[in-house]
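Subject: Handover of a structure and notes on its features

Dear colleague,

Please find the structure below, passed on to you for your own work. My notes on what was found in it follow directly after.

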Amino acid sequence: MAQAADVPESTDVLDSVVIGAGQAGLSASYHLSRLGIDHVVLDANEHPGGAWQHRWDALTMRDVHGVAELPGSTPPPLTREQANSAIPEYFAGYEDEHDLPIVRPVRVDRVESGDDGILTVRAGDRSWRTRTIVNATGTWTQPFIPHYPGAETFRGEQFHTVAYPGPDHFRGKRTLVVGGGASAVQFLGAIAPLTDTLWVTRREPVWRTDDFTPEAGIAAVALVEQRVAQGLPPESVVSVTGLALREQEREAERLGAYAARRPMFERLEPTGVRWADGTFEAVDAIIWATGFRPAIAHLAPLQLRSPAGGIQLDREGRGTGAVADERVQLVGYGPSASTIGANRAGRAAAAGVRRALKVRQAA
């Protein structure tokens with residue numbers, strides 16, 4: 001594994017630079033290595049593990065639904081071991097086993113294109129010149145909290161998913177969970193047996209009544225691919241897969257935590273929320289399970305966004321190549337931001353890099 005001393009000087013030109021060493025980035029690096037493509041992986045974290053090392057202690061391996069699985073390896077067992085410990089350990093072993101060229105910590109500030117067609121990846125006073133990039137920065141560093149009137153007046157506690165302190169923190173506190181995704185369902189499952197909960201979503205939740213088979217997962221990813229193929233901002237895969245309860249959430253279901261779902265409140269007040277009908281509900285804490293946005297600000301100089309507001313991806317390249325710039329592959333974006341899509345995207349991105357290099361050589 002590469003160390004800081006092994007980092008090429010900015011005058012050298014790499015075939016590719018992977019930005020991010022989470023699941024999608026490691027998968028891309030694995031496939032680039034198998035293709036013999038000279039590259040480095042720049043990771044903003046000080047240690048292996050991607051976003052998993054920052055997740056809450058209450059999240060165990062039995063909750064991760066195979067997210068940790070990497071190509072050519074066997075993931076940790078689905079036990080009660082903390083995911084923020086087991087997965088970083090697994091990723092570290094994977095990096096060493098496959099001798100992946102990881103350089104950390106490197107926080108990329110921007111990616112620029114020169115007149116010679118070479119991309120420059122800048123991080124503080126360091127830079128790397130490369131013919132292509134694979135962006136694998138995911139979403140964890142860009143939590144999204146929608147603005148509601150009165151939010152600044154609320155005197156209770158507020159947490160986004162990234163800062164979730166675990167279920168015991170909410171014991172005895174009337175807690176409002178905001179969001180219609182899998183994280184909200186998991187939070188309710190964990191805290192409803194400990195305290196009084198309220199659940200609000202913008203739309204009526206859609207529950208799955210059938211088994212979530214691999215075929216169903218592939219079909220769901222295809223729906224998200226349709227959006228990014230049109231240049232639209234990506235939506236979460238769960239928006240098309242629907243929600244399902246696991247065994248560990250059945251007690252919360254029995255307590256009515258999911259059946260009591262309400263539409264969004266009108267405004268926040270110092271001690272609670274005001275509903276659209278004018279009634280008031282007191283709450284002590286709010287968990288904003290309202291998702292994330294892609295961490296792609298460093299790509300802004302490349303002007304990749306389409307008029308529709310997103311980065312259009314090439315479906316022919318299995319949804320990783322930026323239509324606006326063949327030198328850029330995105331993994332962990334749109335369909336590949338899911339459990340199902342990340343590893344497949346790593347292979348597709350490596351193939352996309354190889355195509356772009358062949359086009360450049362032929363020019």
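Which elements do the buried residues of α2 pack against? They pack against α1 (23-34) and β4 (102-103). Please bear in mind that this is a predicted model.

**The chain as a whole**

The protein chain contains seven helices and 19 strands. Of its 363 residues, 50% are buried. Its accessible surface amounts to about 17,000 Å², with 48% of that belonging to carbon and sulfur atoms. When contacts between residues at least 6 apart in sequence are considered, 65% of them join residues at least 24 apart.

**Helix α2 and the residue after it**

Helix α2 spans residues 83-97, which makes 15 residues. From its first C-alpha to its last it reaches 20 Å, close to the 21 Å expected at 1.5 Å a residue. The buried residues in α2 are Ala 83, Asn 84, Ala 86, Ile 87, Pro 88, Tyr 90, Phe 91, Tyr 94 and Glu 95. In an α-helix there are 3.6 residues a turn, so residues three or four places apart point the same way.

Just after α2 comes Asp 99, in the loop between α2 and β4. Asp 99 has a positive phi of about 50° although it is not a glycine. Most residues other than glycine have a negative phi. Asp 99 counts as exposed because its relative accessibility is 53%, and the cut-off for that class is over 50%.

**Helix α1**

Helix α1 has twelve residues and reaches 17 Å between its first and last C-alpha atoms, close to an expected 16 Å at 1.5 Å a residue. This helix is mostly covered, with ten of its twelve residues buried. Those residues are Gln 23, Ala 24, Gly 25, Leu 26, Ser 27, Ala 28, Ser 29, Tyr 30, His 31 and Leu 32. The elements that cover them include β2 (16-19), β3 (39-42), α2, β4, β8 (133-135) and α7 (342-362). After α1 comes Gly 36, which has a positive phi near 75°.

Val 331 and Gly 25 are 306 residues apart in sequence, yet their C-alpha atoms are 7.3 Å apart in space. Val 331 is found in the loop between β19 (328-330) and α7. Val 331 is classed as buried because its relative accessible area is 1%, where the class requires under 20%.

Val 331 is also one of the residues that line the second largest cavity.

- Ala 58 lies in the loop between β3 and α2. Ala 58 counts as partly exposed because its relative accessibility is 36%. Leaving aside residues up to four places away in sequence, Ala 58 touches Asp 63, Gly 166 and Pro 167. Ala 58 and Pro 165 are 107 residues apart in sequence, with 8.3 Å between their C-alpha atoms.
- Pro 105 is found in the loop between β4 and β5 (110-113). A cis peptide bond, with omega at about -10°, joins Arg 104 and Pro 105. Most peptide bonds are trans.
- Gln 303 lies in the loop between β16 (285-288) and β17 (313-314). Like Asp 99, which has a positive phi of about 50°, Gln 303 is not a glycine and has a positive phi, here about 55°. Gln 303 is classed as exposed because its relative accessible area is 68%.

Yours sincerely

Notes: Residues are numbered from 1 along each chain as its sequence is written. This is a predicted model: local features need pLDDT of at least 70, side-chain atom pairs count only at pLDDT 80 or more; totals for chains, interfaces and linings use all residues. Side-chain values use heavy atoms; hydrogens and water are left out. On a 1 Å grid over the protein atoms alone, a cavity is a set of points where a 1.4 Å probe fits but cannot get out, and a pocket is an open set with protein on both sides within 12 Å along at least five of seven lines; lining residues have an atom within 4 Å of a point. Helices (H or I, at least four residues) and strands (E, at least two) are DSSP runs, numbered from the N terminus. The expected span of a helix is 1.5 Å times one less than its number of residues. Buried means under 20% relative accessible area, exposed over 50%, partly exposed in between (1.4 Å probe, protein chains only). Contact means heavy atoms within 4.5 Å. Accessible areas come from the Shrake-Rupley method with a 1.4 Å probe; for residues, only the protein chains shown count as cover.
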